[in-house]
Amino acid sequence: MKTKTKSPRPRMSVEKMAAYVPGEQPKPSELGRLIKLNTNECPYPPSPRVVAAVRRAAPGMRLYPDPTQKRLREAAGKVYGFSPDRVLGGNGSDELIALIARAYVPEGGAILTMKPTYLVYRTVAEGLGCRLVEVPFTKDWRLPAGLWKQRTNVFYLANPNSPTGTLVPTAEVRRFAERFRGLVVVDEAYGDFAGANCLALARELPNVVVMRTMSKSYALAGLRLGLLFGPAEVISSLEKLKDSYNLSVLQLAAAEAAVLDRAYLKRNVGRIKRSRARLIGGLARRGFRVLPSESNFVLFHLGPKLAAKLGEGPGAVKALRAEGVLVRHYRGEGLADTLRVTVGTDSEIDRFLVALDAVKTE
Ligand SMILES: Cc1ncc(COP(=O)(O)O)c(C=O)c1O
């Protein structure tokens, strides 16, 4: 029988929103010939203890996971210096970003963020249909004076920021948070690679939460895990709103094992920081202007001549892909001639630099 019904339309804000476009994830068959430096994953495998924990947990998949995340919250709390009621695990930081907006941005409310920054904040705001206030960083990648006066419900600060890799000093975030009226969300996705962090602010101030992803330094992007630290009142509000079983049996086991294996994390972060210096040195020797990076990626300017020759950022991404290297370009003011490159292993970096030399001279 023919039906006369149509697909219903979603909320206006969803109909109008632009979808977030993630970086290219190549097919497994392409991975052998492509070097993947486009989505800031870890070039090293996860800790063997994490893999063993997942194996041990696998038979438990028949049952629902622990909705209270008890063991993970205790372990992460111990490691990061918070009581368990001040910790929450998410299905990636992205889930936590959306959860915070749903909980703290009322109808007709607003979200504050910086420009350029992580695009998911915009996607979340568009999806909710709330006002998004995007304020440019100062020339030296700091918060402009008076930013705290913005009347918004939430402020998302990626710190270190993406795609720039730059860091706003903790004292400046503190000064902002002490004046701002809304909730300050310091997204420290790259915090393990930085010289400073805002965890102390999440312990001390009633309006600051700090978010850590396990996708980068912990090498668990494929498992989807994020951690949130902050005031118990904020955590308990989010707990009410989250899916009861937002983390699976396997995610919970992996996250607990990962936070407890400090030696493995430290070793990988050390290796990545050393490789970052190698990448920055390689680019600087070739005359490229590189932004100071406190992350596991580097943003650099191709310069007007090379950018024009390759077709700006998008053309350069294509040319490097043809040479077997995936990197990322972001649109935005001042970013037309920039590329963002993830810090891979030393040999991946060397292969990237060879590819860059090749597209320069072609
Ligand atoms: C600033 C920032 N926050 C959050 C995320 C997402 O983290 P997750 O993989 O935990 O969702 C990313 C990922 O690239 C990021 O750059």
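Reader: Glad to have you here! What should I know before I start reading?

Author: Residues are numbered from 1 along each chain as its sequence is written. The model is predicted, so local features need pLDDT of at least 70 and side-chain atom pairs count only at pLDDT 80 or more, while totals for chains, interfaces and linings use all residues.

Reader: Which domains is the chain divided into?

Author: Domain bounds come from an automatic or database domain assignment. Here they give domain 1 (12-36 + 263-361) and domain 2 (48-261). Taken over C-alpha atoms, the centres of the two domains are 25 Å apart.

Reader: How many residues does each domain give to the contact?

Author: Two residues are in contact if their C-beta atoms, placed from the backbone, lie within 7 Å. Domain 1 contributes 26 residues and domain 2 contributes 25 residues. On the domain 1 side, α1 (12-16), α11 (262-285) and β10 (297-301) are the elements that give two or more residues, and α11 has the largest share, with seven. For the names, helices (H or I, at least four residues) and strands (E, at least two) are DSSP runs, numbered from the N terminus.

Reader: What classes of residue make up the side of domain 1 that touches domain 2?

Author: First the classes: Ala, Val, Leu, Ile, Met, Phe, Trp, Tyr, Cys and Pro count as nonpolar, Asp, Glu, Lys and Arg as charged, and the others, Gly among them, as polar. That side has 17 nonpolar, six polar and three charged residues.

Reader: On to sheets. In what order do the seven strands stand?

Author: Two strands pair if DSSP finds at least two bridges between them. The seven strands form an open, mixed sheet in the order β2-β8-β7-β6-β5-β3-β4. Because β2 (87-90) and β4 (131-136) stand at the edges with a single partner strand each, one side of each has no neighbour in the sheet. Inside the sheet, β6 (residues 183-187) and β7 (residues 208-213) pair in the parallel sense over four bridges, and Val185 has Val209 of β7 as its bridge partner.

Reader: Which helix lies across β3, β4 and β5?

Author: Angles run from 0 to 180 degrees between N-to-C directions, with axes as lines fitted to C-alpha atoms, for helices over the stretch in contact. Helix α6 (residues 120-128) lies across those three strands and runs at about 155° to β3 (110-115).

Reader: Why is β10 largely enclosed?

Author: A residue is buried if 20 or more other C-beta atoms lie within 10 Å of its own, exposed if 12 or fewer, and partly exposed in between, with C-beta atoms placed from the backbone. Four of the five residues of β10 are buried, so the rest of the structure largely encloses this strand.

Reader: Where is Ser295, and which residues is it in contact with?

Author: Ser295 sits in the loop between β9 (289-290) and β10. It counts as buried because it has 29 C-beta neighbours inside 10 Å. Leaving aside neighbours within four places in sequence, Ser295 is in contact with Pro160, Gly165, Tyr190 and Phe193. Asp192 is 103 residues away from Ser295 in sequence, yet 7.9 Å away in space, C-alpha to C-alpha.

Reader: What should I look for in the backbone angles?

Author: Most residues other than glycine have a negative phi, and most peptide bonds are trans. In this model, a cis peptide bond joins Asn159 and Pro160, with omega about 0°. The bond from Ser162 to Pro163 is cis too, with omega near 10°. Pro160 is in the loop between β5 and α7 (170-179), and Pro163 is in the loop between β5 and α7 as well. As for phi, Gln69 has a positive value of about 55°, and Arg224 has a positive value of about 70°.

Reader: Are Gln69 and Arg224 buried or partly exposed?

Author: Gln69, in the loop between α3 (48-57) and α4 (70-80), counts as buried with 26 C-beta neighbours inside 10 Å. Arg224, in the loop between β7 and β8 (226-229), has 19 such neighbours and counts as partly exposed.
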